[in-house]
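Thanks for coming, everyone. Let me put the structure up and walk you through it.

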Amino acid sequence: MCEVSLLDVVAKIALSGAQILLSGDDAQLPPIGNFWHGVPPPAFLDSDLMKELAPVRIELTVCKRCGPMVTEFVSQTFDFAKDFTSSRDQNTWLWFVFYDGNGWSQTPFGYYAREGKRRRLDDLGWHHSLYGTLLLWCMKDLSWVQKKIPESKRTNPPVAIAVPLERVARPLAVLCDALFGDQVKVFTHHAIRGLSVNVVHGLRHRRWIGAEDQFAGVQEDSERDYMVQTRGKDKTVMWLEKQPYGTPPERQKGKGRKGRQSSKGGSKGSKEKEQGPSKQEKYAIRMNKVIENLQIPWFDLGKSYDT
């Protein structure tokens, strides 16, 4: 994540003949409001500026944080990470949980996001079954870390929850603080980047009550999933709504439903549905197929399972 204004300064330094060493992860989130005189810049890695600043490029593809199950899933799901492999220093456990997105209700907080802008009445912020299961799982994870992970290898915090939107992060953060103190922390996607955590729970959710749009808005960017999936060292659990594209077997049987445009304007993907599957639908289908092909453990939160 490097703003064009910073690159302008770096380019001027390079004119003095100084050698430039650049390092970073191009799959991270892009800068916010990244414009140059009102115009968005071209992709930096493919630009002439990049070729001038750093003509020699070395790409690191071996992940030391995550185990092979995570890196194999990532390499088969994201085109930009086809060479992504694990050093096998970790044996990260990966699970997927699918839940009913129609269980969302209004946020319990009547707060102001920004001065003078009140939250809408259809803001989601509470999901009884999801939160209950997630918090119980975090309790078990915290106990597991304390029993199984040597103190020298415990992270701070040992358990993290990553969510895309503040209106969901806020009630979860209040609950986690009351139940776990600083042992379980809630982060938005921007805040969790760069962290290494023993156990990570990544949550996908819709933006508004009644709108099956968990792949709209900021969540159109599938690289956010990659970022969350690669934060966990020992365990990673991804929580996704079943709507609108179903669970892995439903996709194989053609039962996944088509996406529905959000009542708040929809996304770029929603405009493409008459012309064929959107980018977000293709991503969801591909992800479900990889889960099935790699036999990654998953379950449906709304179903009963024999024990």
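Start with β3 and β11. These two strands pair in the parallel sense, over seven bridges. One place to look is Leu 94, whose bridge partner in β11 is Thr 236. Keep in mind that this is a predicted model.

Now the other pairing of β3. Strand β3 covers residues 93-99, and it also pairs with β12 in the parallel sense, over three bridges. There, Phe 98 stands opposite Asp 300 of β12.

Is β3 enclosed or open to the outside? Five of its seven residues are buried, so β3 is largely enclosed by the rest of the structure.

A few overall numbers. The protein has 10 helices and 12 strands. It has 307 residues, and 45% of them count as buried. Take the contacts with a separation of 6 or more: 76% of them join residues 24 or more positions apart.

Next, the inside. In soluble globular proteins, nonpolar side chains tend to be buried together. Here, the largest nonpolar core has 29 residues. Which of them touch the most other members? Phe 73, Val 74, Phe 96, Met 287 and Ile 291.

The largest share is five residues, and it comes from α10.

Look at Met 287 for a moment. Leave aside its neighbours within four places in sequence. Met 287 is then in contact with Phe 73, Thr 77, Phe 96 and Leu 240.

Take Gln 280, in helix α10. Why does Gln 280 count as buried? Its relative accessible area is 7%, and the cut-off for buried is under 20%. The C-alpha atoms of Gln 280 and Asp 221 are separated by 8.5 Å, although the two are 59 residues apart along the chain.

Just after α10 comes Gln 295, with a positive phi of about 55°. Gln 295 is not a glycine. It is in the loop between α10 and β12. With a relative accessible area of 69%, Gln 295 is exposed.

Arg 88 lies in the loop between β2 and β3. At 63% relative accessibility, it counts as exposed.

Now helix α4, residues 128-148. Its 21 residues should span 30 Å at 1.5 Å a residue, and its end C-alpha atoms are 30 Å apart, which agrees. Among its buried residues are Leu 130, Leu 134, Trp 137, Cys 138 and Val 145. How are the buried residues of α4 arranged, seen down its axis? They fall within an arc of 160°, so they line one face of the helix. An α-helix has 3.6 residues a turn, so residues three or four places apart point the same way. On the other side of α4, His 128, Lys 140, Lys 147 and Lys 148 are exposed.

Last, two cis peptide bonds. One runs from Asn 156 to Pro 157, with omega near 5°. Pro 157 has its place in the loop between α4 and β8. Another runs from Gln 243 to Pro 244, also with omega near 5°. Pro 244 lies in the loop between β11 and α8.

That's the tour. Over to you.

Note on methods. Residues numbered from 1 in each chain as written. Predicted model: local features only at pLDDT ≥ 70, side-chain atom pairs only at ≥ 80, totals over all residues. Heavy atoms only, no water. Pairing = 2+ DSSP bridges. Helix = DSSP H or I, 4+ residues; strand = E, 2+ residues; numbered from the N terminus. Core = buried A, V, L, I, M, F, W, Y, C linked by side-chain atoms within 4.5 Å. Buried < 20%, exposed > 50% of the residue type's maximum accessible area, 1.4 Å probe, protein only. Contact = heavy atoms within 4.5 Å. Expected span 1.5 Å × (residues − 1). Arc of directions from axis to C-beta.
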